[in-house]
Amino acid sequence: GAWWLWETRSDEVQPRVARERLPDHVVTDFSAIETDETGRPERRLVARQLRHYVKEDLSELDLPRLTVFEQGAPPWQGESRIGLLLTGGEEVRLMGAVRLTRASDARTRSLRLTTEEITIWPKREYAAGDRPVRIESDQDWLTATGVALWYSTPTRAEFPGRAHIFLAPKPGSEAASAETDP
């Protein structure tokens, strides 16, 4: 017989060694600005590091900061611990201690939204998340189980599921006077 053939042939399947997932490109201190046809900035994205994976069509971001500019209004600022750029950059997912803010101006009040994860579609001027969210503006606040936010002017939002809202009395109103009188 062929004893040497018997020794080299094995019926056991050898486990494959998993290959480490490596990015195709790495950029440290990443910064990109997208402009409109006139050259005016529309969006800016910065991150401590960007790791791009070509086959997966995604990029991972460390400490991303997204700014969305709107003509005639304060810009929206978004930040988180980590992020993903998906579908060729059309979708930005912020994860971990997410904060979206907009400063006040003559027409709008300042606003701060906090959550653990939100997805932003910058070209659609839309953001959505299904994690608990808190929105604060001056002394008013709202908590909800998720949010759909159209952030261009006029800004509007929907809160699917349960939501709680607190509207602070305006100074000089009866409710505010009753709270301060002994």
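A: Rings, charges and enclosed spaces

Arg-156 lies over the face of Trp-150, 3.8 Å from the ring centre. A charge is said to sit over a ring if NZ of Lys or CZ of Arg is within 6 Å of the ring centre and within 35 degrees of the ring normal. This is a predicted model, in which local features need pLDDT of at least 70 and side-chain atom pairs count only at pLDDT 80 or more, while totals for chains, interfaces and linings use all residues. Residues are numbered from 1 along each chain as its sequence is written, and side-chain values use heavy atoms, with hydrogens and water left out.

Trp-150 also belongs to one aromatic cluster, together with Trp-121 and Tyr-126. The structure holds four aromatic pairs. Rings of Phe, Tyr and Trp (its six-membered ring) pair if their centres lie within 6.5 Å; planes under 30 degrees apart count as stacked, over 60 as edge-to-face and the rest as tilted. Another charge sits elsewhere: the charged end of Arg-21 is over the ring of Tyr-53, at 3.7 Å from the centre of that ring.

Of the 182 residues in the protein, 32% are buried; buried means under 20% relative accessible area, exposed over 50%, and partly exposed in between (1.4 Å probe, protein chains only).

On a 1 Å grid over the protein atoms alone, a cavity is a set of points where a 1.4 Å probe fits but cannot get out, whereas a pocket is an open set with protein on both sides within 12 Å along at least five of seven lines; lining residues have an atom within 4 Å of a point. Grid points are joined across faces, edges and corners, and a volume is the space filled by probe spheres set on the points.

Strands β8 (111-121), β10 (133-137), β11 (140-144) and β13 (156-158) each supply at least two lining residues. By class, the lining of the largest pocket has 11 nonpolar, four polar and five charged residues. Here Ala, Val, Leu, Ile, Met, Phe, Trp, Tyr, Cys and Pro count as nonpolar, Asp, Glu, Lys and Arg as charged, and the others, Gly among them, as polar.

Strand β11 also holds Thr-143, which is partly exposed because its relative accessible area is 23%. The C-alpha atoms of Thr-143 and His-164 are 5.2 Å apart, although 21 residues separate them along the chain. Leaving aside neighbours within four places in sequence, Thr-143 is in contact (heavy atoms within 4.5 Å) with Val-133, Arg-134, Arg-162, Ala-163 and His-164.

The whole structure contains three cavities of 30 Å³ or more, and the largest cavity has a volume of about 90 Å³. Among the residues that line this cavity are Leu-66, Trp-76, Gly-78, Ile-120 and Tyr-151. Strand β5 gives the most to this lining, with three residues. The lining of the largest cavity has eight nonpolar and two polar residues, and no charged ones.

Terms used:
Helices (H or I, at least four residues) and strands (E, at least two) are DSSP runs, numbered from the N terminus.
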